[in-house]
Amino acid sequence: MRGGAVLWVLLLSLAWLGRVWGAEGGEEDGEVMATEEEEGDEEDEVLSDELEEEDGVLVLHEHNFARALREHRLLLVEFYAPWCGHCRRLAPEFARAAALLRNGSEVARLGKVDAVTQTNLSSEFHIQAFPTLKLFRDGNRTHPVAYSGRMDAEGMVLWMQRRAGPSATLLHDADTAAAFIRAQDIAAVGFFKDLHSAAARAFYEVAEEVVEVVFGVAEADELFKAYGLSADTVCLFKKFDEERTDFPVDPEQGLNVAEMTRLLRVHSLQLVMDFLNETSGQIFGAKIPNHMLLFLNTSVAEQQALRDEFRAAASAFRGEVLFVVVDVDGYGASVLHFFGLNPSDAPTLRLIKMENNRKYRMEADAFSATAIRDFVRAVLDGKVKPQLLSAEPPEDWNTRPVKVLVGKTFEQVAFDETKNVFVKFYAPWCTHCQEMAAAWEELGERYKDHEDIVIAEMDATANELENITISGYPTLHYFPAGPGRKMVEYRSARDVETFSKFLENGGKLPEEPPTVSMAPENSTESPSSSGTAEAREEL
């Protein structure tokens, strides 16, 4: 995928799947990854503890890893696989970040580990997906910190710089504080009676994490008085929407890092966000569970006027629902297919639940603030059915060796009690799906004359199922004949012989017993889908 569409499938999340609604290459939070079974060979050469570089990035292995930790106070390490497409796309940004850090300081460095050949390090640090980034601080090998920033060079540099130096600026007096706040579009200032208190230390941790906001701290009595405060408080100052929001620190429970991080990310967003390349990271990084989307053509004045009513509805759902405007003739055009829309459908409204990618359509023609609020509340209260997308079935879908399923036909085929149905859920852009396509076609040819075995596939980016969520590509599910609507996930080798062994043994492989779950009954609503998944690569 490209542009905003990829960012939504891989951010998700990234994430709008997981979770994003169309995401860009798994390099963002939430990236979903296709399973990869490939293993590398052990290196034959004997390596020393010398620290060598490639493009300014330290090349690390089990013989020099300890030395790298000793010599660098902050070391961000990428665990990668040579075959991983997401790792290859990250490589130039990672190298650029390394160069930017070297220009500024020797305190923070970047390194990389080939997790396929360096199996001991991969096992030690529990690497399950590629790329995985971990920060090692002050030589601590046992408790690395998972990277949580953006996957572009500037984002990585900012994330590291926050951890290299003071994460918040000390404000000594009222003039200094006023100048600091005026200079920023968004600034968070922690007012603490004691800067050595547990609450203040927690605030510094928040400042390390929320790199998109500039942080200050104050303890002078004159500053408490100047800002009308009498107790420890975190204040968020903005040049838009509410100009100031206060978050008092609970004197009993103190300052919760995770909750304050969430609050600052939520409230640092504009009440209504425009979906742009520059804002997509904020939109998904805030982890707001629901997104309400207004699709419009910003070049049409009548449609632009709808923003006022949309904005008026947004304030009631701050933190629970993020309101986003998507320009169907601009950057947002690349995600329209994810919602089954065309530019001519604008203006229209959709709500998407980030947890499961379920989409809800507002049917009302009236775009009043009241109508929008009522619709959002009804969705949150479970009173609205999701809109499931479905492609149209090809005319020959049932005559091919591999049956082509869509949302509308899935139920009748997969849960036919007289058939054992083996289904591949794929994404057209997924390289792993493409690599196993020939094996799946051969499997279809092998079993095309078996009356009780059906080999099928479904494009999970164009079809959604009400009770089955696809979270990675390819995903293989086996639906055995008989009552009970059983579903068996296949998680073994992707070759024809292993597939055949699995089928001949009734959906079992002695080496790896499959996980069995029950697929709930569908509602009476017609299925349709446009499953989106973050793109990530798993071991």
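Here is a working chat about a predicted model, its confidence, its helices and its charged pairs.

User: Hi! Before we dig in, what is the mean pLDDT of this protein?

Analyst: Hello! This is a predicted model, and its mean pLDDT is 86, with 85% of residues at 70 or more.

User: Where is the pLDDT below 50?

Analyst: Residues 22-44 are one such stretch, and in the model this stretch still has 121 contacts beyond near neighbours in sequence. Residues 520-539 are also below 50, and that stretch has 122 contacts counted in that way.

User: How should I read the coordinates where pLDDT is low?

Analyst: Where confidence is low, the predicted coordinates should not be read in detail.

User: Which of its residues are buried?

Analyst: In α7 the buried ones are Ala199, Ala200, Ala202, Phe203, Val206, Ala207 and Glu208.

User: Now α16. Which residues are buried there?

Analyst: Helix α16 spans residues 496-504, and Val496, Thr498, Phe499, Ser500, Phe502 and Leu503 are buried. These buried residues pack against α15 (431-447) and the strands β20 (420-426), β21 (453-459), β22 (475-479) and β23 (486-490).

User: What caps the N-terminal end of α16?

Analyst: Asp495 does, with a side-chain oxygen 3.2 Å from the backbone nitrogen of Glu497. After the helix comes Gly506, which has a positive phi near 70 degrees.

User: Switching to cysteines. How many disulfides are there?

Analyst: The structure holds zero disulfides.

User: Is Cys87 buried or exposed, and where does it sit?

Analyst: Cys87 is in helix α3 (residues 85-104). Its relative accessible area is 5%, so Cys87 is buried. Cys84, at 0% relative accessibility, also counts as buried, and so does Cys433 at 4%.

User: What does Cys87 touch?

Analyst: Setting aside residues up to four places away in sequence, Cys87 touches Glu78, Tyr80, Ala81, Phe130 and Pro131.

User: On to charges. How many salt bridges does a search of the whole structure find?

Analyst: The search finds 33. One of them joins Arg67 and Glu50, with the closest N and O atoms 3.5 Å apart. Arg67 lies in helix α2 (residues 65-71) and Glu50 in the loop between β1 (34-35) and β2 (52-54), so this pair ties together parts that are 17 residues apart in sequence. Glu50 is partly exposed, with a relative accessible area of 44%.

User: Which residue does Glu53 pair with in a salt bridge?

Analyst: Glu53 meets Arg102 in a salt bridge, at 3.2 Å from N to O. Because Glu53 lies in strand β2 and Arg102 in helix α3, the pair ties together parts 49 residues apart in sequence. Glu53 counts as partly exposed at 40% relative accessibility, and Arg102 counts as partly exposed at 32%.

User: What polar contact does the side chain of Arg109 make?

Analyst: The side chain of Arg109 makes a polar contact with the side chain of Glu53, at 3.0 Å. Arg109 is in strand β5 (residues 108-114) and counts as buried at 5% relative accessibility. Beyond neighbours within four places in sequence, its contacts include Glu53, Arg102, His72 and Met160.

User: Are Lys359 and Glu464 buried or exposed?

Analyst: Both Lys359 and Glu464 are buried. Their side chains meet in a salt bridge at 2.2 Å, N to O. Lys359 is in strand β18 (residues 358-361) and Glu464 in the loop between β21 and β22, so to speak distant parts of the chain, 105 residues apart.

User: Last one: which residues are linked in a network of salt bridges?

Analyst: Lys238, Asp241, Glu242, Arg311 and Arg318 are linked in such a network.

Conventions: Residues are numbered from 1 along each chain as its sequence is written. This is a predicted model: local features need pLDDT of at least 70, side-chain atom pairs count only at pLDDT 80 or more; totals for chains, interfaces and linings use all residues. Side-chain values use heavy atoms; hydrogens and water are left out. Buried means under 20% relative accessible area, exposed over 50%, partly exposed in between (1.4 Å probe, protein chains only). Helices (H or I, at least four residues) and strands (E, at least two) are DSSP runs, numbered from the N terminus. pLDDT is the predictor's confidence in each residue, from 0 to 100. Contact means heavy atoms within 4.5 Å. A disulfide is a pair of cysteine sulfur atoms within 2.5 Å. A polar contact is a pair of N or O atoms within 3.5 Å; within protein, one must be able to donate a hydrogen and the other to accept it, and residues adjacent in sequence count only if both atoms are side-chain atoms. A salt bridge is a side-chain nitrogen of Lys or Arg within 4 Å of a carboxyl oxygen of Asp or Glu.
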